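Welcome! Take a look at it first, and then read on.

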Amino acid sequence: MSTSAFRSLPPAHALTDAPALVATGAPHALRVDAARAVLAEARAAIADGAAAPPHDALAALAARRLREWLSPRLRRAVNATGVVIHTNLGRAPLPPGALDEALGYCNLELDLATGRRGSRRALAGPLLEAMTGAEAALVVNNNAAAVVLMLTALAAGREVVISRGELVEIGGSFRVPDIMEASGARLREVGTTNKTHLHDYARAIGPDTAAVLRVHPSNFRVVGFVARPSDADLAALAHDRGLPLLHDLGSAALGPLPAALGPDLLADADPRRALSAGADLVCFSGDKLLGGPQAGVVLGRRDLVDRLARHPLARAFRADKLTLAALEHVLLAYRAGRPDDVPVSAMLNATADALTARAEALAARLAAAGVSTRVAPSDDPIGGGSLPETTLPGAAVALQVPSPGAFADRLRAAQVPVVAVVRDDAVWLHVRTLLPGDELLVEQAVRATAAAGPDAPDEAMDA
């Protein structure tokens, strides 16, 4: 190994003051860190037999490192996958202006009429009660927290009866048995995986039973030789034994859903139906079919909701001002009869004809950029653990490019990343999940990728 390659590397202080690094505006100490980092990498590469990089290349690499360090890791992205509630892409996109009221000071816990301390329950709570007929409502930071809070406040140290067919595991290793154990409640399984009858619940209820729990399967289906009691029959049994029925809906909607989902799926998503069937408490996520921020909503009997609100865990799980502002914004849109103001609702209810027209318009724009395109029907998943195996008919634009995988990689490296789907030797852009204005961002990313080539360095995409 020749030592000349090592000696040719610039000293750290010289690289620190290179124009490319100074131009980033980074503090001197951070420029030193970047210079040392790239010099250490260069020495390791030389030790493995590589040639010493030119000084300007080192400076460019250090400047890029600085820009990465000073840029937010959370970035706006274009969802061209067709998956409406895409967990990896932040689930539900919020309506414009959803956070405006909470960006500065706000009346989070102030009663403006009296000037005295108020309750954050007075924000989204009355809206939820008015829209669902529930006696009371409570918003926490996600639905897992809602389940834990219900079980801890109402059943810690006692038994909760649940069907074996509802002992689900959803994304992020959320497992119902583990949640029940963490809450201090004891699991009492009844029935079998595919069949649980009302008499199974009846036999399991005893003096140590605190509640009956029903959990929506969310991300799986049991079909064929199956049976389970209706919500109304289960509620009647629970009430006859002096117990509350707790119903975890997983995902719920307060706006219109496409009729193509079918009456059973539409009924399962309606918290009003669960309450009218006799559930004492229902809970669901705010960032799935509802189309709002990550949150957990609990609705039902006032005495039970108040018990949850008084529990010490309620403070640990409470929603912050940004969550409450966004949730209230979404709820107001539904109540005012403007469901299309909620992006998830607009996407779910978009017709195949309207999506085909959008896809054809986008294909024409991309063809003008010199990319071969075609439009084809698509099956767009709802996603987010909601309504598994259920898709909606949509439309997508296929980009016929030499290296689809590399092309899609470069689209994600665009200034505003575009996340597409690679299949059948093409890059597919599903239009259902494009927000207003996204077509322009897609066009810019495709033009830049086509012009630079899929093997171009990242700097070419940032230009």
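How many Å apart are the mean positions of the positive and negative charges of the protein? They lie 4 Å apart, with 46 positive and 50 negative charges counted. Please keep in mind as you read that this is a predicted model.

**The protein as a whole**
- You will find 20 helices and 17 strands in the protein.
- Of contacts between residues at least 6 apart in sequence, 74% join residues that are at least 24 apart.

**Surface and interior**
- The protein has 463 residues, and 48% of them are buried.
- Its accessible surface is about 21300 Å².
- Carbon and sulfur atoms account for 54% of that accessible surface.

**A strand to look at: β9**
- Strand β9 covers residues 209–215.
- This strand is mostly covered, as seven of its seven residues are buried.

**The partners of β9**
- Strand β5, residues 159–163, runs parallel to β9 and is joined to it by three bridges.
- To find this pairing in the model, look for V160, which stands opposite A211 in β9.
- Strand β10, residues 245–251, also pairs with β9 in the parallel sense, here over four bridges.
- In this second pairing, V212 stands opposite L245 in β10.

Terms used. Residues are numbered from 1 along each chain as its sequence is written. This is a predicted model: local features need pLDDT of at least 70, side-chain atom pairs count only at pLDDT 80 or more; totals for chains, interfaces and linings use all residues. Side-chain values use heavy atoms; hydrogens and water are left out. Helices (H or I, at least four residues) and strands (E, at least two) are DSSP runs, numbered from the N terminus. Buried means under 20% relative accessible area, exposed over 50%, partly exposed in between (1.4 Å probe, protein chains only). Contact means heavy atoms within 4.5 Å. Accessible areas come from the Shrake-Rupley method with a 1.4 Å probe; for residues, only the protein chains shown count as cover. Lys and Arg count as positive and Asp and Glu as negative; His and the chain ends are not counted. The place of a charge is taken as NZ of Lys, CZ of Arg, CG of Asp or CD of Glu. Two strands pair if DSSP finds at least two bridges between them.
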